[in-house]
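Grab your viewer and work through these exercises. Each one has a task, then a solution that goes step by step.

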Amino acid sequence: MGGARRRRDRGRGRVRAAPVAGLTIDGTSPGGGVLRDPVREPAPAVAGWVAVLVGAAVVVAGVTGGIGPDGVALDLARTVVRAAADLAAVVAAGAALVALLAPDRVPGADRVLTTVAPLWLGVLLVETFVRGAVVSGRGLADVRGPDLLEFLAGPRAGTGQLVALAAVLALIGVAGSRPARPGAGPGPAVLALMVAVVAAAAPAATGHTAASTVAAYAVPALVAHVAAALLWVGGLGAMLVTARDADVRTVAVPRFSRLALAAVVVLGVTGLLAATARLTSPTDLVTTAYGAVVLTKVVLLACAAALGGATRARLRAGRLPVLVWAAVEVLVLVAATGVAATLTHTA
């Protein structure tokens, strides 16, 4: 009798922890202890993440010459719409991923997908208009239909834009066909995630990288790099936004934990491979504008990884706040995403 009571007591003392990219956000510590008063955790500042992403893109583009004195309005528009397209990709990927990891437990994910997909399409259409102006050398007010056709029919870049537009149209269809009844399965979420990756990777994969002498491995590396970034940034953001839902904490967080670790490793390896398409030597990191952008992105990603490690240490010690630290990690990641948005038009 006493032995059975002791076994029950030991069972109550066990708490399952689930690290997310090196951290947990479910009120438990990786060592098995319960964090003190997890209710005090504040909500993540999503609006702040958006402002940092767009702001980082504009600042870096200005510093590296992506926004030149002869065409400030056009260059600024090109930078902002590219950052907005990347933001839409991150949100779509995060919504699809949380729907995949916690099927039928986050109904809001379907609503996010059905909302962000048309917005993403609108951003891409605006970007097509802006890039048509760049190709034709006209001002934004002077762009005509033939200018847009010239861009879309051009080699590589126009093809990538067409692929992205087609993929987002497909995403709209996938989001609209999400099963509404419980138990229908996560299949459409998998498809939505794959389509989002294609739409996000197409413009970059058909640009300078496709024209390089190492395109045979640099292009696949870039696509994998984009996929890993969407999983890490979009997934971590989605986990934080939905972290107070007990079902998400129990089901989705442990699954995302394993996925996030793989994404971080893939991101680092593929980033190095993709960079070789335009960097011929390590000195290019400090002697070219493109290298400076890549170096800035690397530093930000390293900081994000360090923040994940620091958050894990706080969890092991049972110290709060935790979500604040994880939110700062996302803040750094979206800054890196904003920096990456300038790579497509950095000299």
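**Exercise 1: a helix and its surroundings**

Work out how enclosed helix H8 is.

Step 1. Of the 27 residues of H8, 19 are buried, so this helix is largely enclosed by the rest of the structure. Buried means under 20% relative accessible area, exposed means over 50%, and partly exposed lies in between (1.4 Å probe, protein chains only).

Step 2. H8 covers residues 215-241 and reaches 38 Å from its first C-alpha to its last, close to the 39 Å expected at 1.5 Å a residue. That expected span is 1.5 Å times one less than the number of residues.

Step 3. Before going on, note the ground rules: this is a predicted model, where local features need pLDDT of at least 70, side-chain atom pairs count only at pLDDT 80 or more, and totals for chains, interfaces and linings use all residues. Residues are numbered from 1 along each chain as its sequence is written, and side-chain values use heavy atoms, with hydrogens and water left out.

**Exercise 2: the overall picture**

Describe the secondary structure of the protein and the confidence of the model.

Step 1. Count the elements: there are 12 helices and zero strands. Helices (H or I, at least four residues) and strands (E, at least two) are DSSP runs, numbered from the N terminus.

Step 2. Check burial: 47% of the 347 residues are buried.

Step 3. Look at pLDDT, the predictor's confidence in each residue, from 0 to 100. The protein averages 75, and 74% of the residues score at least 70. Among the elements, helix H1 (residues 2-13) has the lowest mean pLDDT, 46, while H6 has the highest, 89. Over residues 4-42 the pLDDT is below 50, yet this stretch has 82 contacts in the model beyond near neighbours in sequence. Contact means heavy atoms within 4.5 Å.

**Exercise 3: two faces of H5**

Which residues of H5 are buried, and which are exposed on the other side?

Step 1. In H5 (residues 145-152), the buried ones are Asp147, Phe151 and Leu152. Down the helix axis they fall within an arc of 130°, so they line one face of H5; the arc is that of the directions from the axis to the C-beta atoms.

Step 2. Pro146 and Leu149 are exposed on the other side of H5.

Step 3. Find the cover: helix H4 (107-136) and helix H6 (157-176) are among what covers the buried residues of H5.

**Exercise 4: the nonpolar cores**

Which members of the largest nonpolar core touch the most other members?

Step 1. A nonpolar core is a set of buried Ala, Val, Leu, Ile, Met, Phe, Trp, Tyr and Cys residues joined through side-chain atoms within 4.5 Å.

Step 2. Of the 72 residues in the largest core, the answer is Leu113, Trp120, Leu171, Leu230 and Trp232. Helix H3 (residues 72-101) gives the most to this core, with 13 residues. A second, separate core of 10 residues includes Ala56, Val60, Val294 and Val339.

Step 3. Leaving aside neighbours within four places in sequence, the contacts of Leu113 include Ala92, Leu171 and Ala192.
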